[in-house]
Amino acid sequence: IEEATNFPAPGPIMKLKATLRSSAGVPCLMRLTGNPGGPGHQWVKARYIDLGPYTVTTEEEEVELPDGRQVRTSFSRTFIPARLKDNPKLLENDPGYILRLRQTGSVALVKAWLEGLWDQIEGAFFSEWDPERHILAGELRLPKHWARFRAMDWGSAKPFSIGWYAVADGNFGGFRRHAVIKYREWYGVQKRLENGRITVVPNEGLKLTAQQVALGVLQRDMGEKLHYGVADPSIFAQNGGPSIGETMMLAGCSWIRADNARQAGWEQLRHLLSPADKGEPLLLVHESCEDTIRTLPLLQHDETNLEDLDSDAEDHAADELRYAVMSRQGVVDLPKPDVWVPPRTIEQKTINDLLAEQRQKAFNREVARTFGADATKITPDVFDVWMRLLGQVEGSVLWLLQHTRSEERRVGK
């Protein structure tokens, strides 16, 4: 099979493999060829490339024959690198091949073909991604007052992707203000044990129910104060019964509808990934978010719409990131503590402090008496006392009860 990476999923190839049989005992083999890139890049890389060159992986099974005998059967697979240097005859017979490759104009393509690089592909949608810039290694400590939220891309047969995020205030750890940090993820993908190691089955979901996912999210919230959660708008669709969003809400896990604008979302995501003048991007991912790190760099452009990514690939973490950065997340600054000044004792007060207290008490008594007094008894002398007292108390205001128009005119004079 030529160009196996053109198959978005291994299903069709596995079906072809199932038809390899011979009643005469003829050995049946399948050989795949391919280059880095294409919608099937991730599953080919996970199934063959990541196991290591020339590493033979064998799967075995006990089979019962018609006569009752038990026979152990097996099949194996391996990855054989086919780089240019592994094919010296090609250069001997066609020395101009490298020159033609370089004339494609794509440095990434030439490097991938010449060196067999499966971690760097031609046509990556997020060409801004740089592991050295965007991946945070080691223990991550974040201030409690930072704004935190979560985002989700729903999936059942396909993986779901849920991420927890914090927004930096610019005063801790060297993170830029408004930087979005993905510090935790839960990615619902199938895994299997092969040759003593756990490997991912790309793009195959866990098929958990909405309630199971909701309970898993609450467990992973770890009691943190989250400002909100944004989710794939499809979870709110109603098709004759409770929606996925309703089911999760009844389990105590609430979401709001995410902004699902694709091109605007990709633009915002790429903007945050791009380094600023200071050299630090505004989107960072902790190393524990393994599936985000695994899938994001390998996504490619849609062949029919170059402004969008190829949705046949494993794009669930990317969609979740898009919902997160389109949620208009804000910064929470650490509140300034109130300055408390202990009151002074009588021994610490000066004569001016005591006189000021007496004037304030006299003013309070006069105001209290005035509220219950008849406005007709307000004389110029009393009014003058009020004004002098008010003048000594910064920000003070005189309020008078409203009476008849004639009384108002008299007081006004």
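Colleague: Let's start with a pair: which residue stands opposite Ile-181 in β11?

Modeller: That's Leu-284. Before we go on, this is a predicted model, where local features need pLDDT of at least 70 and side-chain atom pairs pLDDT 80 or more, while totals for chains, interfaces and linings use all residues. Numbering runs from 1 along each chain as its sequence is written, and side-chain values use heavy atoms, leaving out hydrogens and water.

Colleague: What makes β6 and β11 a pair?

Modeller: Strands (DSSP E runs of at least two residues, numbered from the N terminus, just as helices are H or I runs of at least four) pair if DSSP finds at least two bridges between them. Strand β6 (residues 180–187) has 3 bridges to β11 (residues 283–286), in the parallel sense, so the pair qualifies.

Colleague: And how many bridges join β5 to β6?

Modeller: There are 7, and β5 (residues 161–167) runs antiparallel to β6. Gly-163, for example, has Glu-185 of β6 as its bridge partner. β6 is also mostly covered, with 8 of its 8 residues buried.

Colleague: Why is Asp-221 called buried?

Modeller: Buried means under 20% relative accessible area, exposed over 50%, and partly exposed in between (1.4 Å probe, protein chains only). Asp-221 has 8%, so the label is buried. This residue sits in helix α7 (residues 210–221).

Colleague: What makes the link between the side chains of Asp-221 and Arg-150 a polar contact?

Modeller: You need an N or O pair within 3.5 Å; within protein, one atom must be able to donate a hydrogen and the other to accept it, and sequence neighbours count only if both are side-chain atoms. These two side chains meet at 3.1 Å.

Colleague: Is Met-222 buried or exposed?

Modeller: Exposed, because its relative accessibility is 60%. Met-222 lies in the loop between α7 and β9 (228–231), and its phi is positive, near 55 degrees. Most residues other than glycine have a negative phi. Asn-203 in strand β8 (residues 197–205) also has a positive phi, about 65 degrees, but Asn-203 counts as buried because its accessibility is 13%.
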